[in-house]
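Here is a friendly briefing to read alongside the structure. Take a look at the chains first, and then follow the points below.

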Protein chains: 2
Amino acid sequence: MDNERIARAALSRLMEPQDAAGLALVQATGARDALKIATGQAAAGPALEREITGLLADNGAGTSWAGMAASLKRWAPRITDLAPERDLATMARLGGRLIIPSDDLWPAQLGDLGMQEPICLWWRGLEQELPGPARSVALVGSRDSTSYGASVTGDLAYSLAQRGFTVVSGGAYGIDAHAHRAALAGGSAAVPTIAVMAGGVDRFYPSGNEDLLRAVCNQGAVLAEVPPGSAPTRYRFLQRNRLIAALAAVTVVVEARWRSGALNTAHHAETLGRAVGAVPGSVHSANSAGCHRLLRDGGAVCVTDAAEIAELASPSGVGLTAPGTAHAADHDGLTLEDLILLDALPLRSTTSVDKLCAVAGLSADSVRAGLGRLGLLGLAASERGGWKRAKESV
Amino acid sequence: MDNERIARAALSRLMEPQDAAGLALVQATGARDALKIATGQAAAGPALEREITGLLADNGAGTSWAGMAASLKRWAPRITDLAPERDLATMARLGGRLIIPSDDLWPAQLGDLGMQEPICLWWRGLEQELPGPARSVALVGSRDSTSYGASVTGDLAYSLAQRGFTVVSGGAYGIDAHAHRAALAGGSAAVPTIAVMAGGVDRFYPSGNEDLLRAVCNQGAVLAEVPPGSAPTRYRFLQRNRLIAALAAVTVVVEARWRSGALNTAHHAETLGRAVGAVPGSVHSANSAGCHRLLRDGGAVCVTDAAEIAELASPSGVGLTAPGTAHAADHDGLTLEDLILLDALPLRSTTSVDKLCAVAGLSADSVRAGLGRLGLLGLAASERGGWKRAKESV
């Protein structure tokens, strides 16, 4: 067992997710020395303190740091709980592992989080490569989803999984559960779905999703940055959301109330420069108000099917056809004059060129030339010297 | 009866709406001389032809003009039908009138159409000032509206009319009819609603909306740029849409299929630099596909109620509160540390400061200070030396 891995396992218990000073300490000294300092086995000199202050300032988190002494005081109460070897053994027993940024299996896209990149990931599921950013889509939304949200989520997740995308979500009730379930059903990729948990992966939370999350483990992956035994607190939910956003190329909010954790995930995605999609719904549904808010505020793209989401994930995608392009109407591409002439042509009886001139307000030459063009297009037909519309066009 | 009015009445029968060469001719010579030239009573010299060519080029319509001879040929078949005095008498008999750009009653916002400004407007309804651009909203959409579209249109039009807005629409079945009807019911402005017709205003079209359009006449206005007796051709529908867009500050598409005339109105509004709103709906409804297309293409703002539309109409509007701002959650504005601490506080039993230190990963000083702050906010309560959450907060 290498020391780097053990140190990161310990640090992930000592520090809450996104503990800015702690992450700066790790960056400055490496994980092993950071652990020694955080646990009081080594001292942090003034030079290190200055370096951390500089790192925090560079990352916009500098002004609130009360100094190393305050951070040590914050970490101290948890030192007695440290047992990284035990945590790693627990993961092995559950068929899982710990991955750290130096591992080949580490998802490279988490690097976009910069200093907010997690210290490590506790991973339950088969050991296999996680999908690259362009192949994963986050589907998130309310726990109290409506039947509309359930049906749309199911359609989207199934269809995305069929296209080889990995569906990332949070393992919660409602939209999350529908997303995981449909991705498992439709999955064609090696990892059809990933659940990123706010608490430890030793426990499937919420318990009502235990069977589902077990299936996600068996076919996909269940991840967390907090160690086994950690409770899913509200703070950790909010931090967890940044991992969902960072793992995926696109974050799509399917249903969300005006205030919803799903909007928090969308904002993380925006901050990371990732695309955000929102599914529209009834203006009468409170569960779509958050989606409409995202659309209105301009940060989100309106998405209505899996093809539109796939396009957001790989904007340069070849072979993606916009829906509706096949519906070209008969009169598309006609000149204004020909359109006027087409309007003037009767549907049932036939009419003369002279009459068409008066009705359409066109000269006889124009009418004759236009009838020729419309005839070629199959829109006008001549019958016994008169003209009529060849078929009904909308 | 002044000659300018009679000339424009005649020209509106001679020329189809937005006849670029015709409008350029009117601009170059004035309406009276334009009528003489168009009817062959006066000749157009090469200088005039050059001027028209220049005007067309300046307005991006130059390359397709085949010259004055071709235009004269186009207008010729309708010369025998000209009877402007009869048309004006018809309007007077129907309680209406013809207005021209020099009239005080001419809606100034039509000037934004530039050379596409109509030659005149045939107006049926009370003689009273039409609303300025900031006080009118166009509500448009499919003829085959769903019950969702009907209900949303009714809510929006009623509420906009109650706020003193004039609702502009096209008098058609479906969304248009719901918009006019609800605006008449909710109307507080002098002109609660305006119907802009594609055909002549002497006939209420479609006939199924006859009673409704008669009510619009009695309380509001029914307008058209084509003279009495003109048929509502497809070409005229498309041109009519530019008038709806130009009359209103905002064009809102409530329900529209992937291809719909309502999208054409929205594009006119965009071209004019007017705001476009689209109402979201179910992704399963083909009648919302056009709205979602507008949202996705980036041209439209997602609108879900009358307040959001009013805001688009007068962006500087004072006293407009965004919905949802009152729903602030208890934990809004807390620091991350206090949020972590709040998470750590038990709901039922009490706990000690030491225990909170370990659970929250905070020093004893931080915990005590945080408990003080949470206590002041009514979020934490002390009981017999222990601490618990004061009330449930989402």
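Domain bounds, as used here, come from an automatic or database domain assignment. On that basis, chain A is divided into domain 1 (1-82), domain 2 (123-325) and domain 3 (336-389). Please keep in mind that this is a predicted model.

**Domains of chain A**
- How far apart do the C-alpha centres of domain 2 and domain 3 of chain A lie? The two centres are separated by 55 Å.

**How the two chains are related**

- Chain B has an open sheet of 9 strands with mixed pairing, in the order E1-E2-E6-E5-E4-E3-E7-E8-E9.
- At the edges are strand E1 (96-99) and strand E9 (301-302) of chain B, each of which pairs on one side only.
- Strand E8 (residues 275-278) of chain B pairs with E9(B) in the parallel sense, over 2 bridges.
- One residue pair to look for here is B:Ala278 with its bridge partner in E9(B), B:Cys302.

**Helices on the sheet**
- Helix H10 (residues 234-247) of chain B packs on the sheet, where its contacts include strand E2 (121-125), strand E5 (193-196) and strand E7 (250-255) of chain B.
- The direction of H10 in chain B makes about 155° with that of E5(B).
- Helix H11 (residues 261-271) of chain B lies across E3, E7 and E8 of chain B, and runs at about 160° to E7(B).

**A helix pair in chain B**
- Helix H2 (residues 20-29) and helix H5 (residues 68-75) of chain B pack with their axes 10 Å apart, at an angle of about 105°.
- Angles of 65 to 115 degrees count as roughly perpendicular, and H2(B) and H5(B) are therefore roughly perpendicular to each other.
- From H2(B), the residues B:Ala21, B:Gly22 and B:Leu25 meet B:Met68, B:Ser71, B:Arg74 and B:Trp75 of H5(B).
- By type, the residues of this contact between H2(B) and H5(B) are 4 nonpolar, 2 polar and 1 charged.

How values were computed:
Residues numbered from 1 in each chain as written. Chains lettered and ligands numbered in written order. Predicted model: local features only at pLDDT ≥ 70, side-chain atom pairs only at ≥ 80, totals over all residues. Heavy atoms only, no water. Axes fitted to C-alpha atoms, helices over the stretch in contact; angles between N-to-C directions. Helix = DSSP H or I, 4+ residues; strand = E, 2+ residues; numbered from the N terminus. Parallel < 35°, antiparallel > 145°, perpendicular 65-115°, else oblique. Contact = heavy atoms within 4.5 Å. Nonpolar A, V, L, I, M, F, W, Y, C, P; charged D, E, K, R; others polar. Pairing = 2+ DSSP bridges.
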